[in-house]
Amino acid sequence: MMHTTVGWHVELEFEEDEERTRAAALVRLPDGNEVRSHGYASRHHSDANQPRVGEEIAGARALNDLAFRLLGKAHGEIDEASGRTSRPLTH
């Protein structure tokens, strides 16, 4: 049996202001496709300004959205290859 090693590189970028953090995630797949997603975090006015915490929350939300987009992409490819409609992949 042959084993193949494949690597994916995920990029995260952040934009921040005093109250909000926006994360953009991108993964480039070996087939040349790109999947993009976004996540957001808001700081309550009474919370201390901790940019790293906002990045962690927004980044986690972007990666979670990216995971669901990848599951949807895979689901569509399974249905296309099989010629039938299957149950959506959820986890």
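By a nonpolar core I mean a set of buried Ala, Val, Leu, Ile, Met, Phe, Trp, Tyr and Cys residues joined through side-chain atoms within 4.5 Å. Buried stands for under 20% relative accessible area, exposed for over 50%, and partly exposed for the range in between, with a 1.4 Å probe and protein chains only. The model is predicted: local features need pLDDT of at least 70, side-chain atom pairs count only at pLDDT 80 or more, and totals for chains, interfaces and linings use all residues. Residues are numbered from 1 along each chain as its sequence is written, and side-chain values use heavy atoms, with hydrogens and water left out.

I begin with the core. The largest nonpolar core comprises 10 residues, among them Ala23, Val35, Ala62 and Leu70. At least two core residues come from each of strand E2 (20-28), strand E3 (34-42) and helix H1 (51-82); these elements are DSSP runs numbered from the N terminus, helices being H or I of at least four residues and strands E of at least two. H1 supplies the largest share, four residues. Val35 has contacts, meaning heavy atoms within 4.5 Å, with residues including Leu29, Leu66 and Lys73, leaving aside residues up to four places away in sequence.

Next, the serines. A polar atom of the Ser37 side chain lies 2.7 Å from the backbone oxygen of Ala62. Beyond four places in sequence, Ser37 also touches Ala23, Asp65 and Arg69, among others.

Ser86 is found in the segment after H1. Ser86 is likewise classed as buried, because its relative accessibility is 16%. The side chains of Ser86 and Asp79 are joined by a polar contact of 2.5 Å, that is, a pair of N or O atoms within 3.5 Å; within protein, one must be able to donate a hydrogen and the other to accept it, and residues adjacent in sequence count only if both atoms are side-chain atoms.

Finally, the pocket. On a 1 Å grid over the protein atoms alone, a pocket is an open set of points where a 1.4 Å probe fits, with protein on both sides within 12 Å along at least five of seven lines; lining residues have an atom within 4 Å of a point. The largest pocket is lined by 18 residues, with Ser42, Arg43, Gln50, Val53 and Gly54 nearest its centre. H1 gives the most to this lining, four residues.
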